[in-house]
Amino acid sequence: MPIAADDPRLTRPFEPAVTRYTDVPFQRAGASGVQLPKVSLGLWQNFGRDRSFDSQREIVLHAFDRGVVHIDLANNYGPPYGSAESTFGAVLESGLARYRDELFVTTKAGYDMWPGPFGDGGSRKYLVRSLEQSLQRMKTDYVDVFYSHRVDPDTPIEETATALADIVRSGKALYVGISNYPAPLAKRAYELLAEQGVKLLLHQPRYSLFDRTPEAELFPLLRELSVGSAVFSPLAQGLLTRKYIDGDVPADSRAANSFFLNGSALTDGYLDRIRGIDRIAQEANLSIPQLAIAWVLRDPVVTTAIIGASRTSQIDDAVAASQVTLSDDVVAALDEFAAPVGGSVS
């Protein structure tokens with residue numbers, strides 16, 4: 001439930017918890033000097049104009065209070081496009097800006113953002129202008145990481161890499177990353193950036209018990225290059241919860257409302273898998289989401305797992321999961337219900 005308009009947390013200056021660095025473990029991103037919390041807050045689908053500002057502000061501030069100081073965005077997060085960045089900018093302006101140096105803020109560009117040929121892809125024009133607009137929306141003069149959100153097959157990767165390197169040199173981003181790049185192109189991007197004296201800090205792939213694609217080629221490459229990873233969708237868009245365990249689609253669920261997930265995913269095969277995972281989670285005294293997050297964090301190539309949150313309790317669950325070390329027996333038991341190594345569950 002959103003907090004009341006006269007709640008003291010809204011009417012007095014924000015003062016973060018003094019214990020904010022005692023809960024969530026931090027881990028170094030590859031061979032860099034950057035340490036990130038092992039769980040991070042992504043503003044992908046819960047920070048558009050269809051939700052109240054008070055509830056969104058409460059989630060961001062609660063995350064900060066728990067040590068989840070890495071906030072991940074993209075230019076087109078919302079809905080509508082840009083609104084997640086605008087919401088975050090309003091949260092900064094309402095009191096969190098005093099703690100900007102404790103925050104690690106990332107954003108991305110690569111997918112559709114505005115009409116015409118310059119509002120999509122990996123061209124220098126699009127990346128530079130997109131970041132400038134993102135900074136205006138977020139009311140900050142820099143981001144900590146700016147990502148190329150996807151490979152653009154119509155733009156030479158040399159152009160994309162040079163634009164990213166120039167953005168770092170401009171001071172508008174302290175580091176650069178790439179997202180959704182297959183291993184061969186990730187290696188090429190790393191090499192092109194290195195030629196210009198810029199370190200690739202992070203790769204952002206999809207990774208979960210139901211999608212182990214990065215284990216085949218990408219994770220071995222990241223280990224070789226000493227590049228960190230910030231994995232997204234560790235709960236497979238909500239499939240790795242008990243929400244659908246009876247085969248129903250609740251009206252307020254992501255499967256009922258999201259473009260990225262629908263009820264057709266709730267097959268008999270899925271139900272067998274999620275019920276098996278639930279049994280293992282109960283035996284380990286964990287919830288399914290906690291088990292799923294702890295599982296993706298079991299490998300140190302994963303620097304941090306980016307979670308979404310529509311309520312503060314989900315942040316607390318993720319922080320608790322970040323402290324869990326799964327036994328070899330639990331990891332082995334999950335293999336029966338997880339995707340095959342290097343593959344995904346269709």
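With which side chain does the side chain of Lys108 make a polar contact? In this predicted model, the partner is the side chain of Asp72, at 2.8 Å, where a polar contact is a pair of N or O atoms within 3.5 Å, of which, within protein, one must be able to donate a hydrogen and the other to accept it, residues adjacent in sequence counting only if both atoms are side-chain atoms. Because the model is predicted, local features need pLDDT of at least 70 and side-chain atom pairs count only at pLDDT 80 or more, while totals for chains, interfaces and linings use all residues. Residues are numbered from 1 along each chain as its sequence is written, and side-chain values use heavy atoms, with hydrogens and water left out.

Lys108 belongs to strand 5, which covers residues 104-109; helices (H or I, at least four residues) and strands (E, at least two) are DSSP runs, numbered from the N terminus. With a relative accessible area of 0%, Lys108 is buried, a term that means under 20% relative accessible area, whereas exposed means over 50% and partly exposed lies in between (1.4 Å probe, protein chains only). A polar atom of the Lys108 side chain also lies 2.7 Å from the backbone oxygen of Leu73. When residues up to four places away in sequence are not counted, Lys108 touches Asp72, Leu73, Ala74, Asn75, Tyr77, Phe146, Tyr147, His149, Ser179 and Gln204, contact meaning heavy atoms within 4.5 Å.

A second polar contact between side chains, of 2.3 Å, joins Asp299 and Arg223. Asp299 is placed in the loop between helix 10 (288-296) and strand 10 (304-307), and at 17% relative accessibility Asp299 counts as buried.

The packing of helices is considered next. Two packed helices are described by the angle between their axes and the distance between the axes. Axes are lines fitted to C-alpha atoms, for helices over the stretch in contact, and angles run from 0 to 180 degrees between N-to-C directions. Helix 2 (residues 53-65) packs against helix 3 (residues 83-93) at an angle of about 70°, with the axes 10 Å apart, and the two helices are therefore roughly perpendicular to each other; angles of 65 to 115 degrees count as roughly perpendicular, those under 35 as roughly parallel, those over 145 as roughly antiparallel and the rest as oblique. The crossing of helix 2 with helix 3 is right-handed, a crossing being right-handed if the near helix is turned clockwise from the far one by less than a right angle, and left-handed if anticlockwise. On the side of helix 2, Phe53, Gln56, Arg57, Val60 and Leu61 meet Thr87, Phe88, Ala90 and Val91 of helix 3. By class, this contact has six nonpolar, two polar and one charged residues, where Ala, Val, Leu, Ile, Met, Phe, Trp, Tyr, Cys and Pro count as nonpolar, Asp, Glu, Lys and Arg as charged, and the others, Gly among them, as polar.

Helix 2 also contains Ala63, which is buried with a relative accessible area of 0%. Leaving aside neighbours within four places in sequence, Ala63 is in contact with Leu41, Val68 and Ile315.

The axes of helix 4 and helix 5 (residues 157-170) come within 9 Å and cross at roughly 30°, and helix 4 and helix 5 are therefore roughly parallel to each other. Helix 4 passes helix 5 in a right-handed crossing. To this contact helix 4 brings Arg124, Leu127, Val128 and Leu131, and helix 5 brings Glu159, Thr160, Thr162, Ala163, Leu164, Asp166 and Ile167. The residues of the contact divide into six nonpolar, two polar and three charged.

Several loops show particular backbone features. In the loop between strand 4 (70-72) and helix 3 are found Pro79 and Pro80. The peptide bond from Gly78 to Pro79 is cis, with omega near 5°, and the bond from Pro79 to Pro80 is cis as well, with omega near -10°. Lys139, in the loop between helix 4 (124-138) and strand 6 (143-148), has a positive phi of about 55° although it is not a glycine, and with a relative accessible area of 47% Lys139 is partly exposed. Ala236 likewise has a positive phi, near 50°, in a residue other than glycine; Ala236 is found in the loop between strand 9 (228-232) and helix 8 (254-257) and counts as buried at 13% relative accessibility.
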